[in-house]
Amino acid sequence: MPLDGAALAGVVNEISILQGGRVDKIAQPEPDEIFLAVRAKGTNYKLLLTVSANAPRVNFTEQSKISPLKAPMFCMVLRKHLSGGRIISIRQPDFERIVEFEIEALDEMGDRSAKTLIIEIMGKHSNIILTDGAGKVLDAIKHISPAVSSVRTILPGVLYSRPPGGKSNPLEANHEEFSGIFEKSSQESLKIQQAIFQLYNGISPVLAGEICSRAEIHPDTPTTGFSDAEKSQLYGAFSDALEQIKQKNFQSAIYWDESGRAVDFAALPLSIYDHLRAEAFESTSLMLEAFYAGRDEAYRIKQKTADLRKLVVTHQERARKKATVYEKTLDEIKNRDELRIKGELLTAYLYMIPGGAAEFTAENFYDNNKPLTIPLDPALTPPENAQKYFNKYNKQKRTFAALQEQIVKNQEEIAYLESVLAAMDSAIDEADISQIREELAEQGFAKRRGLGKNAKNKKASKESKPLKYTSSDGFDIYVGKNNTQNDYLTLKFARANDIWMHTKDIPGSHVVVVTGGKEPSATAIMEGAQLAAFYSRARLSSQVPVDYVIRKHVRKPAGAKPGYVIYDFHNTVYVTPADTPI
């Protein structure tokens with residue numbers, strides 16, 4: 001779920017400890033996120049402000065990221081105006097999904113002046129904005145010009161205004177004011193859950209549904225026809241939920257389904273999720289970090305592999321077009337033997353062919369002496385006509401031989417590019433991306449972009465290692481995340497009697513079950529096969545075929561592309577990948 005007003009109130013309650021603290025460091029490791037290092041009450045804190053479209057939020061964090069060598073302009077502006085400043089106040093205005101940090105720092109003249117750092121959490125429209133004491137925008141992480149939005153401009157020099165809303169602050173609602181929603185919403189034929197979250201700031205559909213559940217009223221009940229008793233019952237549930245927030249009685253939890261998928265999170269207990277497993281957290285920040293950790297990394301990886309993915313897909317399309325051309329050419333020369341037969345027939349019957357003839361009908365001794373009419377070029381002599389057919393036949397014969405080699409090479413290229421796409425799906429950090437990029441450069445599909453000269457890229461490549469798991473009965477299982485790691489696992493790491501696995505005819509990771517000289521258990525083989533299926537292009541399929549074989553029966557042909565091997569004496573199992581690996 002998106003961060004609602006209740007969860008944000010929980011965050012603001014936590015980070016209020018920063019009031020009076022000093023801003024020591026400011027970093028912008030990603031285009032859409034800011035890290036603030038704050039020293040408060042003798043303790044160092046790290047605060048994350050991110051407006052990533054995937055998970056905009058603000059919270060304490062333990063994350064560490066490498067900042068670019070040259071700080072982005074917005075980061076430079078923040079450092080200029082906020083470095084060394086004191087945080088005077090932290091507030092959540094009108095229960096909006098907005099947090100405002102008032103920070104007092106020295107200006108260029110050496111005088112103390114107040115600035116306001118604002119984070120607006122509104123999905124893809126989220127933003128981080130810095131304003132001066134007069135409310136003018138000094139800069140923003142996202143510039144919004146009139147050409148982009150006719151509603152609100154966010155550019156340096158423009159007077160800041162909050163996003164248009166027209167909703168009410170639920171923390172200030174009383175019984176009479178709350179009862180007004182029935183009259184307002186009945187004009188729009190809203191249902192009660194819709195009415196609550198559409199008319200109040202910071203109330204999400206989930207929290208509105210929880211209020212209805214506590215009041216024992218169905219969320220789809222039309223707002224028309226409510227009795228006074230039902231209105232009072234609903235207001236009681238509404239005010240109880242908001243009172244928990246006012247009293248700062250936050251109970252942060254992530255709700256998990258039976259498959260181990262994180263369904264939702266909340267800063268208040270949700271009875272509507274009683275059927276799910278609730279994992280409690282000591283703080284809202286810890287909850288948000290746990291909930292978004294995997295999503296953040298997956299989103300970043302997706303962003304940073306976008307150019308590589310596009311490059312690979314482009315090469316794939318070219319290879320598939322080549323395959324179409326090759327097939328068309330094969331079809332055009334499939335009757336090349338007829339050219340040879342015609343040349344041989346003309347040679348056999350040279351003495352019978354009159355000069356200047358446009359055609360000649362010969363008995364085809366290759367087909368039970370059936371008559372065969374052969375077109376001729378009247379300008380050529382009979383021997384020259386025969387040689388012309390032989391020349392065409394030899395040319396098409398050479399074309400066919402060359403095509404066989406090109407078709408195999410092209411098929412290998414398509415399979416290789418598919419394996420790279422599978423590796424991108426398995427990438428979990430920037431080191432993996434760097435290794436994939438380097439591999440593509442070595443194969444001539446990508447420019448090096450400084451690879452080999454950039455120490456950071458070299459370091460990333462070295463740090464990227466295969467994944468390690470342990471089967472439920474104690475066997476170590478290793479999974480390559482890309483072709484470089486696949487080759488390493490299979491050709492250098494695995495011992496002769498280890499078990500090697502790969503999805504059958506499906507791009508994916510090489511998997512090695514380390515036997516240590518023991519007989520591998522059926523459990524280890526099955527769980528290794530599930531990993532092979534999970535880290536393949538068949539991750540979302542069922543009954544995926546996985547081949548497994550003793551490593552000594554796996555070999556790499558000379559000159560083969562990274563990740564390509566051949567094997568024999570194998571067995572096959574059919575498995576359904578788990579939602580998450582073991």
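The questions and answers below explain some labels used for this predicted model.

Q: Why is the contact between Arg 91 and Glu 100 called a salt bridge?
A: The label requires a side-chain nitrogen of Lys or Arg within 4 Å of a carboxyl oxygen of Asp or Glu. For the side chains of Arg 91 and Glu 100 the N to O value is 2.8 Å.

Q: What makes Glu 100 buried or exposed?
A: Its relative accessible area is 5%. Buried means under 20%, so Glu 100 is buried.

Q: How do you know which class Arg 91 belongs to?
A: Arg 91 has a relative accessibility of 32%. Buried is under 20% and exposed is over 50%, with partly exposed in between, so Arg 91 counts as partly exposed.

Q: What makes Glu 102 and Arg 91 a salt bridge?
A: Their side chains meet at 3.5 Å, N to O, and the limit is 4 Å, so this pair qualifies. It links distant parts of the chain, with Glu 102 in strand S6 (residues 98-106) and Arg 91 in strand S5 (residues 86-91), 11 residues apart. Glu 102 has a relative accessible area of 25% and is partly exposed.

Q: Why can the pair of Glu 418 and Arg 537 be said to tie together parts of the chain?
A: The side chains of Glu 418 and Arg 537 meet in a salt bridge of 3.5 Å, N to O. Glu 418 lies in helix H10 (residues 382-426), while Arg 537 lies in the loop between helix H14 (522-534) and strand S19 (544-550), so the parts tied together are 119 residues apart in sequence. Salt bridges that share partners also form a network, joining Arg 91, Asp 94, Glu 100, Glu 102 and Arg 162.

Q: How many salt bridges does the rule give?
A: The count comes to 22.

Q: How many aromatic pairs does a search of the whole structure find?
A: The search finds 20. One of the pairs is Phe 365 with Tyr 366, whose ring centres are 5.0 Å apart and whose planes meet at 45 degrees.

Q: Why is the pair of Phe 365 and Tyr 366 called tilted?
A: Planes under 30 degrees apart count as stacked and over 60 as edge-to-face, with the rest tilted. The angle here is 45 degrees, so the pair is tilted. Phe 365 is partly exposed at 40%, and Tyr 366 is partly exposed at 44%.

Q: Which residues do ring pairs link into a cluster?
A: They are Phe 178, Phe 182, Tyr 200, Phe 226, Tyr 235 and Phe 238.

Q: What makes Asn 368 buried or exposed?
A: Its relative accessibility is 71%. Exposed means over 50%, so Asn 368 counts as exposed. Asn 368 is in the loop between strand S13 (359-364) and strand S14 (370-375). Its phi is positive, about 55 degrees, although Asn 368 is not a glycine.

Notes. Residues numbered from 1 in each chain as written. Predicted model: local features only at pLDDT ≥ 70, side-chain atom pairs only at ≥ 80, totals over all residues. Heavy atoms only, no water. Buried < 20%, exposed > 50% of the residue type's maximum accessible area, 1.4 Å probe, protein only. Helix = DSSP H or I, 4+ residues; strand = E, 2+ residues; numbered from the N terminus. Phe/Tyr/Trp six-rings, centres within 6.5 Å; stacked < 30°, edge-to-face > 60°.
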